[in-house]
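Please read them with the structure open beside you.

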Amino acid sequence: MPLVSAEPLPSGSDDRPDRIDNPWGARTPYAPGTPWPARTDMHLAPGLGEGDVERWARSASLLHSNGDAMDIAVREGRIVGVRGRTTDRVNRGRLGPKDLYGWQGNNSPDRLTRPLVRENGRLAECDWPTAMDRIVTRSKELLDERGPGSIGFYTTGQLFLEEYYTLAVLSRAGLGTHHLDGNTRLCTATAGEALKQSFGSDGQPGSYEDIDHADVIALFGHNMAETQTVLWMRVLDRLEGPRPPRLVCVDPRFTQVARRADVHLAPRPGTNLALLDALLHELIRTGRIDREYIDRHTVGFEELAAAVEECTPRWASRICDVPAPAIQRAAEIIGGAERLLSTVLQGVYQSHQATAAAVQVNNLHLLRGMLGRPGCGVLQMNGQPSAENTRECGADGDLPGFRNWQNDQHVAELADIWNVTPSTIPHYGPPTHAMQMLRYAEQGSIRMLWITGTNPAVSLPELSRIRSILSQERLFVVVQDIFLTETAQMADVVLPAATWGEKTGTLTNADRTVHLSERAVDPPGQARSDLDIFLDYAARMDFRDKDGAPLIKWHDPPSAFAAWQRCSAGRPCDYTGLSYDRLRERGGIQWPCTEQAPDGTARLYADGFDFAHPDTCESFGKDLVTGASTEAVEYRSLNPDGKALIKAAEYVPPHEDASEDYPLQLITGRTVYHFHTRTKTGRAPELNAAAPDVWAEISPAEAAAQGLSDGDLVRVSTPRGAVRARLRTTALRDGVVFLPFHYGYWDTPGGWRPGDESAGRAANETTISDWDPASKQPLFKTCAARVSLVARRENRAEGAANDTAGSST
Amino acid sequence: MTGVTLTLRQLHDGERTLEHDLLTAAERHRTDHEIHHVAIDLSRWSREHGGRLAETGRHYDLDLRGPRDHSSPGALATLRQKAAEALGRRPETGLLLLHDLCDLHLAATRNSLHWEMLAQAAQALRDERLLDLASFCHPRTLRQLRWTNTMIKQLAPQLLTSV
């Protein structure tokens, strides 16, 4: 039996609680191939002990993508804390700081409790029928006058599976609109696209348990220490145990991950692909490839070998500004691995040539034959807790069940499941991606945009443009959220939603683990679950199937889950072996879970790549540089038997690079203390105090060159806009400025926009409208900027008070 | 002038024209950001093809000009950019975009046919130099074609039914 070390948190030494200062807690070292020891993390409201808790409700984290299982503590009808679930495969009882403290956001007094409608330019409280009637009336007018293409939905990565599936059915088969995407476009679109490109279909190959077995872990643009603290605890415990793995880190910042790495490569932003091409070149040059595996399981190797033939470490070193010997060293470690685990996140996904680079990580594994075995895995990560469900359910610009819009048979299956005609479901092109929906709204062809659980007025690029689109008179904006966000303040109708702990549903993390999250308390005021709101809308719109029966035949979370199970049957993401009861008993279970595999499936692709078969695959692929679609006939001739696809791509220079006027490269990113636009974490006192305001990071040498020092108030500007922030000098590449993207205006006098025209607080005032042509993921980490002094710091205390864990020097 | 040199000259003109047209479309459709950025990327291929054609042409006594100079965008380009930003909200810009994508597609198609002819002639002549040139450039021309086709296919349903 693994050791269980229960560790209630100290209630705060000095001013800062323990897990703010040490986000990863104490170590429980373990040896390769042995189970990760458990450790119970818990945090309750001040003065309460476990004995004071009346009830515990099962749940999993909704504040990152790791899927950490926990129980929600309830006392007197309120959430009073959380406790990690020791038996769960994902976290073995551990929780990160966002989960330990973030639940307090639920209890915030400024939750939305009643619907709001815009009257004479102002938002006024109303009842549900008034708000819903306004939405239904507008929907029907638009359907009559302009057709379904005038209505769009922009959802999130933070609802539950049952909600996404209902939204996908009502929009695609009810309204018949092609315009449904999630803010998962910003966090996980490249992960999904890279998997489709390499394996024919979405679906995470690896498992978190691969950390227990790997002898080399390579992290590409993945600051795991801050974005997935519990997974990083697992790595730290391996590093402290016998026979630790070697780490390779690719990140322009000297993060906690970089500190522990055997090789840290810090490429110029926008050059990941060149670096990866050089790593592939070295593997091939030194013969560290598995020819037998390549011949048996893949197509495209010769093209890749030809494409990277000239991509020497010396060539890449000129583009990436990374020493060639360091690239060679990284290739030696990866090439010498017996069990290689690679992880990828926003440093790749939100950077130039995102999909092309993420695909090359898959290629490292295909060349080495390292997939589908313990320790041999790829984890193309997600940024949000239920991003995976958005993808599965087709609420993100894909069809439900990883079905292929170019495959008429797949569309016919969906039509059969929903009992509609195939022509009801738009499939004449790929579902519209978020940035294109915004463009259609800007041009005036989308006239209604229904935004659920996301805050584009802070999270999308080039915010002045986003504000001008969302505030157009001709655009009817519905916002469904739990707080009056910056976006909600621009809406025509605001619907108060219930959230985590206030409703029941399932969510699936980045390694395909499905968790049940149960209702622990009632939602505040008149707030309703997103599922109830969608069902109400569908009923009021009277959507019918082809026999005249109601299109949506479910009425609550379990019946919605059952409907989804039917839709998932036989597809890669098969849920048919799961049930709420089994999830209650067992905790997290990884899909596919079927009658034949009732305990779920740890790793995909142990015996070949069936999902890549032309009749099964989700996508026929795209040109990684142009984004052009491949047609069915081409795919069929390239990959008739369904093998993994090794795809090459050539390096193309970034679309916006440093210049005389804008000499720095700007990248945005995250801190361990906040999630997204801080709507919840900014309302948790410990988290807010740990990182209360925006800051800008440059290297000490860069600061010295510009005559700046720590704590100075600076202006970071680009051709789009500017941010005013305190300067921190940290160990990152010279020539790069970093801004955390979490901060907006809801807790400033401006409310929903900068109070001062000259500079804002949201990093996205500055970012460029540009996205990866294949995944359509916006590029938040490739633009040019300059930093100028606004005012010298007045005293030391005003400097970088709360250092982020990953960026302290 | 032989058939081969005629084809080289036509291709040289065609690639230079396509480069210019891609850059013009990129300026005109600045507010369609993907079109803007990818068109610039793809113009570099045509620019490189023009350069390679000029180099190869020397072996066939052809004096084809080197690449155009884009160091200063010029008053007209600036005007097009400003116009694009000012008019970006009007639905008619969608129709203009489809029109421009069609023209780009046709220009790339013409180039593709000429590359095909050149490659065939090169095989007939057993001219390795010409075959290498066509083998390098023609696949990229096909990718330019697929890109315009994909964008037209994706955008047409919305842009043609909403005005």
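Is K647(A) buried or exposed?

1. K647(A) is buried, with 24 other C-beta atoms within 10 Å; here a residue is called buried if 20 or more other C-beta atoms lie within 10 Å of its own, exposed if 12 or fewer, and partly exposed in between, with C-beta atoms placed from the backbone. The residue belongs to the loop between strand 22 (644-645) and strand 23 (664-669) of chain A, where helices (H or I, at least four residues) and strands (E, at least two) are DSSP runs numbered from the N terminus. Not counting residues up to four places away in sequence, K647(A) touches Q197(A), S198(A), G300(A), V359(A) and L624(A), a contact being two residues whose C-beta atoms, placed from the backbone, lie within 7 Å. The C-alpha atoms of K647(A) and T576(A), which are 71 residues apart along the chain, are separated by 33 Å.

2. A word on the basis of these notes. This is a predicted model, in which local features need pLDDT of at least 70 and side-chain atom pairs count only at pLDDT 80 or more, while totals for chains, interfaces and linings use all residues. Residues are numbered from 1 along each chain as its sequence is written, and chains are lettered from A and ligands numbered from 1 in the order in which they are written.

3. H676(A) sits in the loop between strand 23 and helix 26 (685-690) of chain A, and R678(A) is found in the loop between strand 23 and helix 26 of chain A. H676(A) is buried, with 27 other C-beta atoms within 10 Å, and R678(A) counts as buried with 26 C-beta neighbours inside 10 Å. Elsewhere, the peptide bond from W591(A) to P592(A) is cis, with omega near -5°, and P592(A) lies in the loop between strand 21 (589-590) and helix 25 (632-638) of chain A.

4. Helix 10 (residues 272-285) and helix 14 (residues 324-336) of chain A pack at an angle of about 60°, with their axes 9 Å apart; axes are lines fitted to C-alpha atoms, for helices over the stretch in contact, and angles run from 0 to 180 degrees between N-to-C directions. The two helices are therefore oblique to each other, since angles under 35 degrees count as roughly parallel, over 145 as roughly antiparallel, 65 to 115 as roughly perpendicular and the rest as oblique. In this pair L275(A), A278(A), L279(A), E282(A) and L283(A) of helix 10 meet residues of helix 14 that include I327(A), A331(A) and I334(A).

5. Chain B has five helices and zero strands, and 39% of its 163 residues count as buried. The contact between the chains takes 22 residues from chain B and 24 residues from chain A. On the side of chain B that touches chain A, helix 2 (33-58), helix 4 (92-125) and helix 5 (128-161) each supply at least two residues, and helix 5 gives the most, with nine residues. That side of chain B has five nonpolar, 10 polar and seven charged residues.

How values were computed:
Nonpolar A, V, L, I, M, F, W, Y, C, P; charged D, E, K, R; others polar.
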